[in-house]
4 protein chains.
Amino acid sequence: MARRALLHRLAAAHPGDTAPLEALMDQGALDPRLIVAILGKTEGNGCVNDFTRAYAVQAMAGMLARRMLTTPEIVLEKVAMVMSGGTEGGLSPHWLVLSVVPDGGEATPGGARLAIGTAFTEPLPPAAIGRAAQAEATAEAVRAAMAAAGIEDPGSVHYVQVKCPLLTSERIAASEDPVVTHDTYASMGFSRGASALGVALALGEIDAVTDEMVLRDLSRFSARAACSAGVELARNEVVVLGMSQDWAGDLVIAHDVMADAIDLDAIRRALAAAGLPQGPGQLTEAEALVAVLAKAEPSTTGRIRGLRHIMNDDSDINATRHARALVGGVVAAATGRTDAFVSGGAEHQGPDGGGPVAIVARVAAAGPPP
Amino acid sequence: MARRALLHRLAAAHPGDTAPLEALMDQGALDPRLIVAILGKTEGNGCVNDFTRAYAVQAMAGMLARRMLTTPEIVLEKVAMVMSGGTEGGLSPHWLVLSVVPDGGEATPGGARLAIGTAFTEPLPPAAIGRAAQAEATAEAVRAAMAAAGIEDPGSVHYVQVKCPLLTSERIAASEDPVVTHDTYASMGFSRGASALGVALALGEIDAVTDEMVLRDLSRFSARAACSAGVELARNEVVVLGMSQDWAGDLVIAHDVMADAIDLDAIRRALAAAGLPQGPGQLTEAEALVAVLAKAEPSTTGRIRGLRHIMNDDSDINATRHARALVGGVVAAATGRTDAFVSGGAEHQGPDGGGPVAIVARVAAAGPPP
Amino acid sequence: MARRALLHRLAAAHPGDTAPLEALMDQGALDPRLIVAILGKTEGNGCVNDFTRAYAVQAMAGMLARRMLTTPEIVLEKVAMVMSGGTEGGLSPHWLVLSVVPDGGEATPGGARLAIGTAFTEPLPPAAIGRAAQAEATAEAVRAAMAAAGIEDPGSVHYVQVKCPLLTSERIAASEDPVVTHDTYASMGFSRGASALGVALALGEIDAVTDEMVLRDLSRFSARAACSAGVELARNEVVVLGMSQDWAGDLVIAHDVMADAIDLDAIRRALAAAGLPQGPGQLTEAEALVAVLAKAEPSTTGRIRGLRHIMNDDSDINATRHARALVGGVVAAATGRTDAFVSGGAEHQGPDGGGPVAIVARVAAAGPPP
Amino acid sequence: MARRALLHRLAAAHPGDTAPLEALMDQGALDPRLIVAILGKTEGNGCVNDFTRAYAVQAMAGMLARRMLTTPEIVLEKVAMVMSGGTEGGLSPHWLVLSVVPDGGEATPGGARLAIGTAFTEPLPPAAIGRAAQAEATAEAVRAAMAAAGIEDPGSVHYVQVKCPLLTSERIAASEDPVVTHDTYASMGFSRGASALGVALALGEIDAVTDEMVLRDLSRFSARAACSAGVELARNEVVVLGMSQDWAGDLVIAHDVMADAIDLDAIRRALAAAGLPQGPGQLTEAEALVAVLAKAEPSTTGRIRGLRHIMNDDSDINATRHARALVGGVVAAATGRTDAFVSGGAEHQGPDGGGPVAIVARVAAAGPPP
């Protein structure tokens, strides 16, 4: 018997909305013990003081603890909670619940299927954030998550979600060693960037990471990393999604890289790679589209295809908020859906101003497996 | 000799950036006396306290006054200044300068071309804003602008831009009669809505307007109105863009209606109607695409194709700001350009949550005239 | 034996920070079963999408449930949770934990002491929000809370805290009857205003409430109401603070009314009425000052002592956020402390632009009981 | 005959409101040729994309040019325009118009009066911003402004207003040499900080400035500098206000240093030093109070008198906006007025979290000259 990956996409009425997941369990459609990760798009600002992420974690962990007759702490040791704040523009708050069925049927002969692995780093000291130390710890966790998923070839990894900490005023004050920045908002970018370089290291996209590389040498990046920073955790949490012939089920994953924030073609290539049919305009068979995961980022050049954008100079709305709204619009144009997992801050995750996009699709509805 | 319409799209480095237009004049490419309207996307918040619009008007009027050896006041009597604040997401600040060459060559036999007309209402008392009185004054101005453009058939009108006033605390306090709302931000929607109903009235899309209809009966709308409210004016300013066989030149205009904020297909239909070729992904021959004008609005249902959006419940970023970022992303996905004139607040301008989209294209590059 | 009121003011490191309260319990300084209300200043935006309030409620209720071996639901039936979002300017996030010791010592002969009572309305249907129905339900709850505190004379009531619901897009869509407004942010003001009129009704400050009075006739108000709206509840929760000769302890309360947002003198009168000594500048014996509770609101006239303010016309920062920052500054100037419970939106709570201010002081340190 | 300084405080209805100043001129109360500086509190965000400052400069320069039959460029060569964005909380937008009457009557025997001097640096290259080069150029300008005012003793200088440039994405891209930061918002702090160190250098408060000192060694500061950064200029503009026995008139200036953002006592000391009487609460003889100028800044420790503030961790509202609202409240508590010139960002201007406060008073109403 092979393992089988499940991915439930559930609408969230608010950041603490556990009802849809509870309904799924009440219907017997999901055993809570199978859940390995919950990704949530929550409707906060996605920046330093976005407490919707911690609220969502508390709500989900509390609910699962009650259902599994254990404590929230034990739930959090086992389940990666990757809450990404910010549903600007048309983005729709939702949960992506990833589960693994141990005896999930027979693997399809000759057909690879979605495989999932998770791993965590140790708690990171404030001074490690945004530096090579964080990257190396992340790389180790990626390797552990690949091993957990039974994936050996880095080429079979299509998406690595990392949730990483940030520096708050409190943490900076408490740090024994000098931190990389005293600007709490800026620390989010450092943390995401170092984490992404860690993914690149684990996947062989780069050979080594130095402190100096982080946020400086943007030519080094991972095409498959998606990193999200939050105040609610102190370690890096890693979820690897890839393809494996050893897994069963009807889910597949594919990815591509958006060259800039309006790269509709890249999304279409990823949809095609996942076996999804496309008409002249939008996708009509939305049920085959299980999840879209994309990164959003303002280009540091201040331009998109030569035209000026104002994201980096806006002191009312943070740049990542603009970028999520924009990329959410482009993804919605491509897919006809607004419940995409678009997270902000794509430092070292794809090229400057662009970012990875991954598609999870259901094979049965979409045609022959890729 | 027939009249010929010109449309120059110019990047703006900031809201007071008159340099690109001055360069055009210095090169002899545009006679300032021919300008009839300047539409500007400025990088303010697009809401009540967006002074980038007034700043832009002051800069443009001052510069044109110096060039034409007259006063800013006289410039403003003649040139419609329609500044639309808000370049959220990837939208790029820019100017659309509309000019009319009186002796602009021979009209193309059998081929209609872009025709432009402008008109203004009298200054509107605060109590008229958002009510039938504003709609009727607007309708009269639309008819005057059509006459100025030489367009008789409302069916030949493809886009009516209206710039309308809003209520500030000062104006509310000064009003002798009760105003429609004491919420200054809300007054922008009332003003846009009443103005749009005025356009619908003039174009025969509805038969009559009542005070009660405004912002209540959203089934009544114009498919060709684009209304933008601003603190910097006290009257409605109307610019009609249509097609006429009596005009010369190489510009054409077409329009369609976005059913919702992510309606990529509607934009593609409008592009096709304007004769623009389309590849599988984005438009490559961008030079043929002269201007995109679209309205953005959050649906009052709180949903897009059934999925919740948070635009109406966000107290940090106003709903119109979210909507512009979103629609800007969809337009950029369709056209590969971010310098679209996407303005917010589409009350009675297209269906709830959607809005008109108009395309101005250059015929020579785009193929045979439509 | 008489009842004794306790008030613990505890700093909050984040909206879910239960640690200081847990430390108090661990030290044996507070029995969780005595807690009747928790007021929290949380660091969200204090507006519609401020989920820090719900997060705080969830954290506190969960923690108390674990400590009392019960469920969060049962905790919430008994303990009023009044989370007020918004710590703009210098305001410091904190908790005010109100407890009642049943056998709290002997009442001081001839000396009144702080008395506390709580009560809740039934869940309010969306159409009741902002209307007389909400006011009347609130008045009934105030009377019930007074009875619970053993206070008969409305003149002995110094502060009535009400936490009330708001309308979200979801609730509006679900309502069977027409709601008072479709603007979710505006609904907060309606809910606070109707609730305050209910307090005024119960305290005899007005004779009757009509739907039309709410937010229209601002000359009707309660000088002792403090209402705070939040998305996290569906009923009104009422906490009455007053003075009673039947209560023991060392806490007293006094109040005054700020005539406008910068009314330093009113705060000083309230401090004096609570028996607190004042030097030429700020209060030095801060330990005698147990709590400051004040309301903040932008004047609808757009002016403070004749000078224009921009709070009502700012589309980037909501007016209540400006007002909290301002009043927080004035309170800090008066008291030398930034952990004041300043909540926004003072509709019908004190005069237009002003609001009630209440001081809880410790008698022993402050001199003879008032 | 001695020179006499004039200071007109005028309410502004909007950032381009030149009407009150024009009215003054129309009444013959002010000769435009006497104006040496205009300080304006404008109602933008006070951060990078605050175009209300440039709008105000354009409006004022254009108006003065028309009145003096010259060009705006020539006006700007002569008149220092110091627009400070941000009127958060209760702050009231206003202008402070500083003029010098050459033959302004006899100097008061034994009585010093307000003296004004202005000077400008050369345009600063982007790489100089935030570094010792900017500080040294500023120090030179301060010395030139003191000479212009006829002040020799740095101890007679009470307030030095500096308007300094910031780095935008455009300027960063155009710079030949490495800039101090690529974060445009952060560049404002660097520019203010280096400018303030320049003032400290000129006034003998420090001995030397190094690149490393800027924003790092906050123990070095000027107690009399007030620096404000804006996108609308490329050089530093300096206005020195001091006391001189060689000047005539009825205006005096005094200053003090707020130790933190809620230091009411410091404001009261400055009021007293300027000869203003004080009652127990607020100042009643407001006409004697001509102007209040103060700096606002969040403490980098994240605390005010030991209590946490959230200014530095708020990603919705920039820290300087919080700080201005707070200090504006404290100043209003002290003076009973909201039209104080409170500007944000007090890096190296007073101690961390505090800042200078200066009072200009009219002697006749306030009693004997100090």
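A polar contact is a pair of N or O atoms within 3.5 Å; within protein, one must be able to donate a hydrogen and the other to accept it, and residues adjacent in sequence count only if both atoms are side-chain atoms. Hello everyone, let's keep that in mind as we go.

What we have here is a predicted model, in which local features need pLDDT of at least 70 and side-chain atom pairs count only at pLDDT 80 or more, while totals for chains, interfaces and linings use all residues. Residues are numbered from 1 along each chain as its sequence is written, chains are lettered from A and ligands numbered from 1 in the order in which they are written, and side-chain values use heavy atoms, with hydrogens and water left out.

How confident is the predictor? For the complex, it gives an ipTM of 0.93 and a pTM of 0.94. The pLDDT is the predictor's confidence in each residue, from 0 to 100. Chain A has a mean pLDDT of 93, with 95% of its residues at 70 or more.

Now to the meeting of chain B and chain A. Each chain brings residues to this contact: 41 from chain B and 41 from chain A. Together they bury about 3,100 Å², 54% of it on carbon and sulfur atoms. Buried area here is the accessible area (1.4 Å probe) that two parts lose on being put together, summed over both.

How many residue pairs are in polar contact between chain B and chain A? There are 10, both residues being at pLDDT 80 or more. On the chain B side, helix H7 (264–273), strand E13 (307–308) and helix H8 (319–335) each supply at least two residues. Helices (H or I, at least four residues) and strands (E, at least two) are DSSP runs, numbered from the N terminus. H8(B) gives the most to this side, with 8 residues. By class, the side of chain B that touches chain A has 17 nonpolar, 12 polar and 12 charged residues. For the classes, Ala, Val, Leu, Ile, Met, Phe, Trp, Tyr, Cys and Pro count as nonpolar, Asp, Glu, Lys and Arg as charged, and the others, Gly among them, as polar.

Side chains of opposite charge can pair when their charged atoms come close. A salt bridge is a side-chain nitrogen of Lys or Arg within 4 Å of a carboxyl oxygen of Asp or Glu. Between chain B and chain A there are 3 salt bridges, and Arg321(A) with Asp314(B) makes a salt bridge at 4.0 Å, N to O.

And the symmetry? Chain B superposes on chain A by a rotation of 180° with 0.0 Å of shift along its axis (RMSD 0.0 Å). Copies are superposed by least squares on the C-alpha atoms of residues with pLDDT of at least 70 in both. In chain B, the C-alpha of Gly329(B) is nearest the axis, 2.2 Å from it. The copies meet through the same surface, because 100% of the interface residues of chain B are also interface residues in chain A.

Next, chain B with chain C. Here 19 residues of chain B are in contact with 19 residues of chain C. The buried area is about 1,500 Å², of which carbon and sulfur atoms give 29%. Asp313(B), Ser315(B) and Asp316(B) supply 38% of the area that chain B buries against chain C, more than any other three residues.

This interface has 4 salt bridges between chain B and chain C; Arg321(C) and Asp316(B) meet in a salt bridge at 3.5 Å, N to O. A rotation of 180° with 0.0 Å of shift along its axis superposes chain B on chain C (RMSD 0.0 Å), so the two copies are related as by a two-fold rotation axis. Asp316(B) comes closest to that axis among the residues of chain B, at 3.4 Å (C-alpha).

Definitions and conventions:
Contact = heavy atoms within 4.5 Å.
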